[in-house]
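Here are a few notes to read alongside the model. Have a look at the fold as a whole, then follow along point by point.

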Amino acid sequence: MKIEIQKKDLLNLIARTQNIVEKRNTMPVLVNVLLDASEGSLKAYATDLEVSLTDSVPAQIKESGKVAVSAKNLFEITKELFDGPAQLIKKDNNWLEIKQGKFLSKIVGVPFEEYPVFPTYNSENFSKIDASEFKQMIDKTIYSVSNDETRYHLNGVYFESVDKNTITMVATDGHRLSLIKKTFAGLSFNEKIGVIIPKKGLFEIKKLIESSVSDVYVAVEGSQFILKSGTCILMIRLIEGKYPNYQQFIPQKLSHKVVISREHILSSLKRVSLFANQKSKAILLSFSTDKLEITSNNPELGDAKEELDVDYKGPEIKIGFNARYIEDVLKNIEQDKIEIELNDQVSPGVVKAHGKDNYINVVMPMRI
């Protein structure tokens, strides 16, 4: 392998692999990125066996070839190169030589045959999804994903499409649930889709969308979720298992509704929760006619309370919540007004934008 490539192209290519390569030593070869130079381009492969990425950039190929080298070392060296072309040359001992002007370095490599078999796909049935809308759906659900590895089927976001126009994404950790539903024109899934995308894969999708202006195309094939954006392809191994029937966790008939300024309650929660238990983040919401009092108490720190004006005409209700759960929701609502719907102090509450039903959050109460 012998090529000439622009620094900016090589840097962009290797940068995308940095969060995917396996940093733990379960399989030492996975700290490497596989480089394949052929047909006028340099292609990079990176995988941790859960998330796999391939991308390519233009290069002058003087001799085609493949080699696997440390993704981190190659990235760090490339960052420090001058702008302009550099030469990459594979040596007989699988070292990769990098030359630019009077600079010369050699990175220890491994034979490309030692790199694990990279996943492939056959599907041509990709659905086009607006990239910014898809990122927004991820942002509005990913914070509710469970981190409990014993409940592995909750360690991702449930991606569902039951018709040709609508995608629903749901996440829950058992204490809260977030659901977002959006309509897209021209989805082309062959059948109803219901799959669990792991958290790491969703973070990589977000990064790819943030670094690209291209349209996003998605498909599901077997145990893989596949996303294409420009020259980049992400293949994400889906979480096996059956996702719970999330509909049964969403209260359908709630007796009391509170309407309040999103900005006011968010800033108040940040202040009052400073005096909450640092682990549970428990705060007490006390609702009465047109008034909300937020209080917290921590014997080691002190206590705090704040009163807010709200639109509420129901009976007095005192209910405890994890302040962080409510804050996570409020940070992902763009509207000025939000709704909190309740039945009583022991039933889950629903938080959503005022007058909107496509994005809802269910939060379990706490005993205080």
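Predicted model: local features only at pLDDT ≥ 70, side-chain atom pairs only at ≥ 80, totals over all residues.

1. Residues are numbered from 1 along each chain as its sequence is written, and side-chain values use heavy atoms, with hydrogens and water left out.

2. On overall dimensions, the C-alpha atoms fill a box of roughly 80 × 50 × 35 Å along the principal axes. Of the 368 residues in the chain, 52% are buried (under 20% relative accessible area, with exposed over 50% and partly exposed in between, using a 1.4 Å probe and protein chains only). Take the contacts (heavy atoms within 4.5 Å) between residues at least 6 apart in sequence: 66% of them join residues at least 24 apart.

3. Now for helix α5, residues 262-272: its buried residues are Ile265, Leu266, Ser268, Leu269 and Val272. Seen down the axis of α5, they fall within an arc of 165°, so they line one face of the helix (the arc is that of the directions from the helix axis to the C-beta atoms). What do the buried residues of α5 pack against? The list is β19, β20 (282-288), β21 (291-298), β22 (302-309), α6 (323-331) and β24 (337-342).

4. Two of those partners are worth a stop. Glu327 sits in helix α6 and counts as buried because its relative accessibility is 11%. Glu327 touches Leu266, Leu269, Lys270 and Ser273, leaving aside residues up to four places away in sequence. His256 belongs to strand β19 (residues 256-261), and at 17% relative accessibility His256 is buried too. With the residues up to four places away in sequence set aside, His256 has contacts that include Tyr312, Pro315, Ile340 and Leu342.

5. One more spot to check is Asp36, in strand β2 (residues 32-38). Asp36 is buried yet has no salt bridge (a side-chain nitrogen of Lys or Arg within 4 Å of a carboxyl oxygen of Asp or Glu). The nearest side chain of opposite charge is Lys66, 4.3 Å away. Lys66 is also among the residues that Asp36 touches, as are Tyr45 and Gly65, not counting residues up to four places away in sequence.

Notes:
Helix = DSSP H or I, 4+ residues; strand = E, 2+ residues; numbered from the N terminus. Lys, Arg positive; Asp, Glu negative; His and termini not counted.
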